[in-house]
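Please report on selected local features of this structure.

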Amino acid sequence: MKKNANGHSNGQSQGFTESQSSHKDIFTKCYEFNQHTKAQSLGLYPYFRRIDATMGNKVVCHGETKIMIGSNNYLGLAQDERVVEAAIEATRKFGAGCTGSRFLNGNIQLHEELEEALAKFLKREAVLLFSTGFFANQGALTSLLEDTDAILCDRENHASIIDGCKASPAKTIPFSHNSAEALERRLKRLPPTAGKFLVVDGVFSMSGDVVDLPAMQKVAKRYGCRVYVDEAHALGVLGPKGEGTVHHFGLNKEVDLVMGTFSKSLGSMGGFLAGSKPVIEFLRHKARCFMFTASLAPAVTGGVLKALQLMQKEPERIEQLWKNTRKMHEGFNSLGFNIGTTQSPVVPILIGSEIKALQFAQRLFEAGIFATPAVFPAVRYGEAIVRTSYMATHTNDELDYVLETFAQIGKELGIFEDSAYREGAKRRTNNGYDFDVQNEEGVQTLRADSGAHTQA
Ligand SMILES: Cc1ncc(COP(=O)(O)O)c(C=O)c1O
């Protein structure tokens, strides 16, 4: 294979002329990329499954109906007729898109209504909408911090937080998952001149753990550290009316800034930050991923406004979500599955080997159940999981069928004999979403790559 001047192989370059071939081709890695094809050739590729129709908690794939236990549509509002109608109405009134940023031409009445409704619901002075939850995290982490500041980042925080940390001028200091002691050890070492920002998920998206906010915020307070909670998986799930983890713990006054998404319980897409007026005003004029991108589409905004109203008007949805969640926690536990330390509708089922997790997900799919596996480096190597999540709209019969099918496939694949079960898995998760890095060297590389692992 031909090497270019930098010693890189460009043997597989396509479209480079003879004279260009002495230069490194940035596309070479793409031509050589084959991680997905290995899983595909085994018939075990679990991603990008095409959905042809959605009916509540069921989907149709290639003409077959599957029970969906892999979505974040916790309250079942994504397909609610009233939400769909509100989205259509908003489209009729404002068109298919806003064709610009809020900052300039894209600020419609519905955006402001939704901000006001959220501020009232969360008991915050002000709210700022973002086009995705990912952007909300980016916006906060890139605009509020300077290069002398530090972000204290739980090791299991979502990828959008990790990427926000990477893009931020501040130094990122990761600490052991959900450990207030580890947080304190890190904070102790920082000088008073460094601005400090504790950033945590309210409900962690892979493990389903609920953040130990009472302990964390106490520590943060002692060191003049501002507190930020990502409520993506907690909105519509925790709190007296679904306000999230912060309200669940009665800590609204102690938490400085709250982030949320519309892509889960509120059934759509988009995100927001909620906080004090001066902070939100600052972000409105400084967060580049708010200012330089098109605003939320009318359909999205109208649909979310309606979903937010319904969530408050129909608290029985949250009650039913928790009934279903408890049933699944108890069901998996009594079948002998290891579900880690989850305290939420996100229920990760330990499988063990990476290949078995892919096989498990495929067998589930064939049996009419849609769930996705998470393998290394999203979880520790050899501790692959099938991540499941439940909705208020799942019926008892559907959930019983899920449990029976897990039991059956678990037996057939010998899950309980896997070393992850015999040796007691440690259940560390992150948000890597890669699936073909096979060794400890790979772990180190990926940790380094994540940008949030520069300090122990
Ligand atoms: C914890 C957490 N934060 C942020 C996001 C990003 O939200 P969005 O899908 O709205 O971009 C997600 C989405 O998966 C998430 O799980």
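The model is predicted.

S11 pairs with strand S14 (residues 384–389) over 6 bridges, in the antiparallel sense. Within this sheet, Pro-348 has Arg-387 in S14 as its bridge partner.

Another open sheet has 4 strands, ordered S1-S2-S3-S12, with mixed pairing. Strand S1 (53–55) and strand S12 (369–370) are at the edges; each has a single partner strand, so one side of each lacks a neighbour in the sheet. Strand S2 (residues 58–61) and strand S3 (residues 64–68) are joined by 4 bridges and run in the antiparallel sense. Lys-58 has Ile-67 in S3 opposite.

Strands of a sheet pair through backbone hydrogen bonds, either parallel or antiparallel.

Most residues other than glycine have a negative phi.

| Residue | Phi | Loop |
|---|---|---|
| Asn-178 | about 60° | between strand S6 (171–175) and helix H7 (180–188) |

Are these residues buried or exposed? Lys-123 has 12 other C-beta atoms within 10 Å, so Lys-123 is exposed. The cut-off for exposed is 12 or fewer. Asn-178 has 22 C-beta neighbours inside 10 Å and therefore counts as buried. Here the cut-off is 20 or more.

**Helix H12**

Does the length of helix H12 agree or disagree with what its residue count predicts? Helix H12 (residues 298–313) has 16 residues, which at 1.5 Å a residue should span 22 Å. Its end C-alpha atoms are 23 Å apart, which agrees.

How many of the residues of H12 are buried? The count is 12 of the 16, so H12 is largely enclosed by the rest of the structure. Among the buried residues are Pro-298, Val-300, Leu-305, Leu-308 and Met-311. Lys-306 is also one of the buried residues, as are Gly-302 and Gly-303. What covers the buried residues of H12? The cover includes helix H3 (81–94), H4 and helix H13 (316–335).

Conventions. Residues numbered from 1 in each chain as written. Predicted model: local features only at pLDDT ≥ 70, side-chain atom pairs only at ≥ 80, totals over all residues. Pairing = 2+ DSSP bridges. Helix = DSSP H or I, 4+ residues; strand = E, 2+ residues; numbered from the N terminus. Expected span 1.5 Å × (residues − 1). Contact = placed C-beta atoms within 7 Å.
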